[in-house]
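These are my notebook entries on one structure. I kept them in the order in which I looked things up.

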Amino acid sequence: MHLHTEKLIGELQDAARQIRLDTLDMVYRRQAGHPGGSFSAADILAALYFHHLKIDPDNPGWAERDRFILSKGHAAAALYAALARRGYFPVADLEKWGHLDGHLQGHPDRIKTPGVEMSSGFLGHGLSIAVGMALAQRLGGPRYHVYALMSDGCMQSGVAWEGALTAAKYKTTELTVIMDYNDVQLDGAAHEIMPLEPIVDKWKAFGFAVLEINGHNMRQILDALDMALEIHSKPTVILAHTTKGKGVSFMENTAAWHGAVPNPEQYAKARAELLGGA
Amino acid sequence: MAEVPQRQAYGAALAEYGERNPDVVVLDADVSSSTLTKLFADRYPTRFFNLGVTEASMVDVGVGLALGGKIPFVNTFAALLTLRACEQIRTCVAYARANVKLVGGYSGLSDYKDGPTHFAVNDVALMRSMPNMAVIAPADNIEAARMVAAVAEYDGPVYMRISRAAVPDVFGPDHQVQIGKGITLRTGRDVTIVGSGSMMGRCVQAANQLVAEGIDVRLLNIHTLKPLDVDLLQQAAEETGALVTAEDHSVIGGLGGAVAEALGRTRPAALEYVGLQDTFAGTGLDTESLMDAWGLSVADIVDAARRAMARKR
């Protein structure tokens with residue numbers, strides 16, 4: 001395990017803040033998008049794209065790059081912000097999210113957008129696809145690690161648990177699953193819509209090593225990502241407890257902000273809070 | 001009739017092709033003894049993944065293998081594959097243009113004994129409606145075997161349906177296939193019979209019967225339902241003015257629908273459709289008599305050809 005410096009932590013927190021600001025601007029400009037789930041994933045995305053992942057934005061097709069799949073595709077704005085700020089395409093492209101002449105689709109599209117490993121949008125696919133990517137490298141060719149970011153909504157789908165069965169069968173240690181567990185979904189609280197608890201027991205029963213963290217604590221995120229690489233007996237899930245809408249007081253833990261757009265006053269307040277926040 | 005079922009020809013060809021192409025991997029959902037991907041599994045155990053009854057996830061795992069540079073052949077019964085995993089196929093295979101080869105066994109009514117739950121009678125309609133997807137129904141064993149290499153080497157998603165049954169031999173050992181290119185078995189001027197998949201042998205019989213009566217039949221094999229060989233069909237429409245399609249599938253959205261869509265735009269002609277007439281059909285005692293009972297007999301093709309000719313302008 002690496003010792004992560006305060007400097008690095010600070011830089012990654014800044015990157016996360018930038019992802020949230022970009023997301024807010026994108027949603028406001030487009031008058032569409034999903035701020036809540038983007039904000040809950042922002043710290044995880046910053047840790048991955050600005051430190052942990054073995055990637056080269058100048059060479060998106062590099063054979064040995066790590067693969068990241070955003071299974072919760074509705075957090076597209078946050079992914080696009082991370083990719084743009086990391087240099088996969090110009091930051092100005094973010095202004096054309098959803099435009100007819102832009103490459104940024106409502107949900108991620110691997111064909112159109114550099115750096116997007118897999119198209120997503122309907123929940124739950126990422127785990128199984130990541131398992132397939134993990135299995136592919138066992139048959140020769142380049143080696144890499146695979147990451148799948150799942151939401152609580154993803155983990156309500158049957159296909160995700162089917163993928164977990166397969167990960168356990170083949171002990172895909174080349175795979176780290178990250179669960180962005182903000183406990184809020186489109187219609188309300190996840191624990192009311194379709195309870196997932198006891199989620200740790202479920203993951204363990206499905207053959208996973210579970211690392212529980214605060215998904216907004218950058219040091220915990222980095223440590224868990226490192227630790228997962230050292231677990232060689234079974235696939236790992238990082239269970240990241242997060243807050244939907246994290247960073248904007250009136251959006252936090254509110255299902256209404258799953259897919260809502262701020263009005264001008266709300267936009268100004270949100271921006272001020274994000275700029276003022278740590 | 002072929003000596004072995006079409007599934008065996010496919011399974012054997014896949015196992016043989018696996019030797020030539022080390023990138024090919026095979027997935028199955030607990031029916032490898034039925035689809036006969038077991039033949040591949042026995043030879044290349046590390047390149048075979050039996051994922052149990054997880055059809056939806058299996059398709060996604062296949063997508064991951066494809067993105068990892070492999071050429072996955074994803075197998076189970078055609079109805080399960082195209083219905084249970086339909087959203088996975090739409091979103092992760094077709095939309096994401098993943099190089100996944102979907103192979104649906106037990107196509108049409110060929111699983112006569114298990115009944116309508118197991119029949120695949122709208123798989124072609126579903127797969128044809130997916131952008132980026134090629135759709136293939138080999139006519140006989142040699143065509144199924146030839147298609148394995150063609151499908152593996154085709155750049156992009158493919159759906160191929162394979163019969164559980166032994167189907168009549170149509171082609172000889174020198175038969176070659178090209179995805180998207182129909183095959184003319186007989187040139188004629190009076191009427192065109194357009195066949196596909198396991199109906200092709202019956203189409204040959206129907207054509208022979210009509211020719212014996214002095215009718216100059218054109219006979220086409222459309223092994224690729226998408227991309228459709230529109231030129232070949234338009235030429236047939238222009239030169240014969242009457243066509244019959246015959247398929248082991250619903251008349252909605254399959255070969256008949258594809259031909260009608262193509263010709264309606266440019267070369268309208270008298271069309272008749274032999275296939276399942278918007279029904280689930282029922283269980284039977286063998287595939288051949290079951291097909292006869294549900295409107296897929298040689299006589300049905302012959303009658304349809306006569307009706308089409310009578311309607312010619």
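I began with the term I needed for the core: a nonpolar core is a set of buried Ala, Val, Leu, Ile, Met, Phe, Trp, Tyr and Cys residues joined through C-beta atoms within 7 Å. A residue is buried if 20 or more other C-beta atoms lie within 10 Å of its own, exposed if 12 or fewer, and partly exposed in between, with C-beta atoms placed from the backbone.

The model is predicted: local features need pLDDT of at least 70 and side-chain atom pairs count only at pLDDT 80 or more, while totals for chains, interfaces and linings use all residues. Residues are numbered from 1 along each chain as its sequence is written, and chains are lettered from A and ligands numbered from 1 in the order in which they are written.

Entry, core. I looked up the largest nonpolar core and found 195 residues in it. L45(A), I193(B), V244(B) and I301(B) have the most contacts inside this core. Domain 1 (6–161) and domain 2 (183–310) of chain B both give residues to the core, so it lies between them. The domain bounds come from an automatic or database domain assignment. I then listed the contacts of I301(B), where a contact means C-beta atoms, placed from the backbone, within 7 Å. Leaving aside neighbours within four places in sequence, I301(B) touches I193(B), R202(B), C203(B), A206(B), V244(B), A246(B) and V274(B).

Entry, domains of chain B. I noted that the C-alpha centres of domain 1 and domain 2 of chain B lie 25 Å apart. Across the boundary, 24 residues of domain 1 are in contact with 31 residues of domain 2. On the domain 1 side, α7 and β5 of chain B are the elements that give two or more residues. Helices (H or I, at least four residues) and strands (E, at least two) are DSSP runs, numbered from the N terminus. By class, that side has 14 nonpolar, 5 polar and 5 charged residues. Here Ala, Val, Leu, Ile, Met, Phe, Trp, Tyr, Cys and Pro count as nonpolar, Asp, Glu, Lys and Arg as charged, and the others, Gly among them, as polar.

Entry, chain contact. I counted 25 residues from chain B and 24 residues from chain A in the contact. On the chain B side, α4 (55–67) and α6 (86–95) give two or more residues, and α4(B) has the largest share with 9 residues. This side divides into 11 nonpolar, 9 polar and 5 charged residues.

Entry, helix pair. I found that α10(B) and α11 (residues 255–266) of chain B have axes that come within 10 Å and cross at roughly 65°. Axes are lines fitted to C-alpha atoms, for helices over the stretch in contact, and angles run from 0 to 180 degrees between N-to-C directions. V230(B), L233(B), Q234(B) and A237(B) of α10(B) meet V259(B), A262(B), L263(B) and T266(B) of α11(B). The residues of this contact are 6 nonpolar, 2 polar and no charged.

Entry, backbone. I checked phi and omega. Phi of L36(B), a residue other than glycine, is positive, near 70°; L36(B) counts as buried, with 26 C-beta neighbours inside 10 Å. N132(B) also has a positive phi, near 80°, in the loop between α7 (123–128) and β5 (134–136) of chain B. N132(B) counts as partly exposed, with 15 C-beta neighbours inside 10 Å. The peptide bond from E197(A) to P198(A) is cis, with omega near 0°. The bond from K226(B) to P227(B) is cis too, with omega near -5°.

Conventions: Contact = placed C-beta atoms within 7 Å.
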